[in-house]
Amino acid sequence: MKKLLSILCCAVILLSVSSCTKQYVNPVVANQNKTVTANIASTDWAAYTDGKSYYVPINVQELDNASAQYDGVVVSISYDGGATFEQLPEVYNGLSFSYTYNGPGSSGNAGVVSIYAQSPDGGTAIKPTDPIVVKIVLVYSE
């Protein structure tokens, strides 16, 4: 009788535990990630001071000094009008692409993401000739 009563109690407890509903509370995130796109024409590239690179500075209003210091910046480029993106750094079509970023500092209103293009072997500078779509994602962190 004790065995039967023990089994019955276990079954009741098991059924009552498994029938409860779970609630998931999604926290409200104060800072959301931001995505900014820019178009680079072949005429936008300027020779960099090292003589081995070309670069394009892109003003990003959302990139303030705090974001430049504490958050992440992910940059991707597209050669097909934005249908496909490849994350930088990247070697594509004989060009090595990389980027740097910084906040506005004391003299500006916007942060800057600079895209660099150079020869993969570090030799003679090669200027990109195709239009490029740039996607910049600001990844906020706490």
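Modeller: Accessible areas come from the Shrake-Rupley method with a 1.4 Å probe, and for residues only the protein chains shown count as cover. By that method, the chain has an accessible surface of about 9700 Å², and 54% of it belongs to carbon and sulfur atoms. This is a predicted model, where local features need pLDDT of at least 70 and side-chain atom pairs count only at pLDDT 80 or more, while totals for chains, interfaces and linings use all residues. Residues are numbered from 1 along each chain as its sequence is written, and side-chain values use heavy atoms, with hydrogens and water left out.

Colleague: How many helices and strands does the chain come to?

Modeller: There are 2 helices and 9 strands. Read from the N terminus, the order is α-β-β-β-α-β-β-β-β-β-β.

Colleague: What makes S4 and S5 paired strands?

Modeller: Two strands pair if DSSP finds at least two bridges between them. S4 and S5 are joined by 2 bridges, so they meet that cut-off, and they run antiparallel. As an example, Ile77 stands opposite Glu86 in S5.

Colleague: In what order do the strands of that open sheet of 4 stand?

Modeller: The order is S1-S9-S4-S5, with antiparallel pairing. S1 and strand S5 (86–87) are the edges: each has a single partner strand, so one side of each has no neighbour in the sheet. Further in, 7 bridges hold S1 to S9, with Ala38 partnered by Val134 in S9. S4 and S9 are also joined by 7 bridges, and there Val75 stands opposite Ile136 in S9.

Colleague: And which strands form the open sheet of 5?

Modeller: In order, S2-S3-S8-S7-S6, again with antiparallel pairing. Its edges are strand S2 (46–47) and S6, each with a single partner, which means one side of each is left without a neighbour in the sheet. S2 and S3 are joined by 2 bridges, with Ala46 opposite Tyr55 in S3. S7 and S8 share 7 bridges, and Ser96 stands opposite Gln118 in S8. At the other end, strand S6 (residues 90–92) pairs with S7 over 3 bridges, including Val91 opposite Ser96 in S7. The hairpin of S6 and S7 has 2 residues between the strands, and Asn93 takes a positive phi near 55° there.

Colleague: Why is Ser119 called buried?

Modeller: Buried means under 20% relative accessible area, exposed means over 50%, and partly exposed lies in between (1.4 Å probe, protein chains only). Ser119 has a relative accessible area of 8%, so it counts as buried. Across the 142 residues of the chain, 27% get that label.

Colleague: Where is Ser119 found, and between which strands?

Modeller: Ser119 sits in the loop between S8 and S9. Leaving aside neighbours within four places in sequence, Ser119 is in contact (heavy atoms within 4.5 Å) with Lys52, Ser96, Thr124 and Ile126.

Colleague: How do you know that the side chains of Ser119 and Asp121 make a polar contact?

Modeller: A polar contact is a pair of N or O atoms within 3.5 Å; within protein, one must be able to donate a hydrogen and the other to accept it, and residues adjacent in sequence count only if both atoms are side-chain atoms. The Ser119 and Asp121 side chains come to 2.5 Å, so the pair is inside the cut-off.

Colleague: What makes a group of residues a nonpolar core?

Modeller: The members are buried Ala, Val, Leu, Ile, Met, Phe, Trp, Tyr and Cys residues, joined through side-chain atoms within 4.5 Å. In the largest such core there are 22 residues, and Trp45, Ile58, Phe97, Ile115, Val134 and Ile136 touch the most other members. S1, S3, S4, S7, S8 and S9 each supply at least two residues of this core. In soluble globular proteins, nonpolar side chains tend to be buried together.

Colleague: Which residues does Val134 touch?

Modeller: Not counting residues up to four places away in sequence, Val134 touches Val36, Thr37, Ala38, Ile40, Ile58, Val75, Ser76, Ile77, Phe85 and Ile115.
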